[in-house]
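Please look over the model shown here before reading on. The paragraphs below then go through its helices, strands and charged pairs in turn.

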Amino acid sequence: RPFRSREGSIRRNGPIISAICKRDGKKIGEGHIVVPDTEILDNSILRIVGMMNLIIASASVPYDLSKENIHKYRCFIEFIQHQYEAIMGRPLVLPDTPQDIRKAIERLILENIPKVKPENRWLINEYNSMAIKLLTAV
């Protein structure tokens, strides 16, 4: 499968990509992408770069998000909504309170991802190579 972990098969309902943001060695935020229907991963290019953008932005929004500091992270939240819509073809509707927003973006579950045209293995390998370069640059 494209972008499969060397650790083995993807656990059902487990994240396929995760990110943790730390400051001074302390975890301040995290993001996870969950794709329950792993069959869609076969021979499809899945907008992996968009998913990586989602989790990196999600991890950048701190656990202590509040009414007082949400304005500092509004650009991340809007970016997350934009990336989600680009991947899913529908808007990401978030709750109203800062803490509920933080919980919602920490574990994004991508159900019913629009199917993309199957691609040949060479193109998938090339795409995965680009994704790995992006990950190592972060």
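The model is a predicted one, in which local features need pLDDT of at least 70 and side-chain atom pairs count only at pLDDT 80 or more, while totals for chains, interfaces and linings use all residues. Residues are numbered from 1 along each chain as its sequence is written, and side-chain values use heavy atoms, with hydrogens and water left out.

Helix α2, residues 70-88, has 19 residues and reaches 25 Å from its first C-alpha to its last, close to the 27 Å expected at 1.5 Å a residue, where the expected span is 1.5 Å times one less than the number of residues. At F76 the helix bends by about 25 degrees, the bend being the angle between axes fitted to the seven residues ending there and the seven starting there. After α2 comes G89, whose phi is positive, near 75 degrees.

The buried residues of α2 include I70, Y73, I77 and I80, with buried meaning under 20% relative accessible area, exposed over 50% and partly exposed in between, for a 1.4 Å probe and protein chains only. These buried residues of α2 pack against α1 (48-60), α3 (98-106) and β3 (107-109), contact meaning heavy atoms within 4.5 Å.

Turning to the strands, pairing requires that DSSP finds at least two bridges between them. Strand β1 (residues 15-23) runs antiparallel to β2 and is joined to it by 8 bridges, with I20 standing opposite E30 in β2. The hairpin of β1 and β2 has 2 residues between the strands, and D24 in this hairpin takes a positive phi near 55 degrees. Strand β2 also runs parallel to β3, joined by 3 bridges, and H32 stands opposite R107 in β3. Because 7 of the 9 residues of β2 (residues 26-34) are buried, this strand is largely enclosed by the rest of the structure.

Side chains of opposite charge can pair when their charged atoms come close. A salt bridge here is a side-chain nitrogen of Lys or Arg within 4 Å of a carboxyl oxygen of Asp or Glu, and the count comes to 2. In one, E30 pairs with K27, the closest N and O atoms being 3.4 Å apart; E30 is buried at 12% relative accessibility, whereas K27 is partly exposed at 37%. In the other, E106 meets R102 at 3.5 Å, N to O, and both lie in helix α3, 4 residues apart, about one turn of the helix. E106 is partly exposed at 22%, whereas R102 is buried at 2%.
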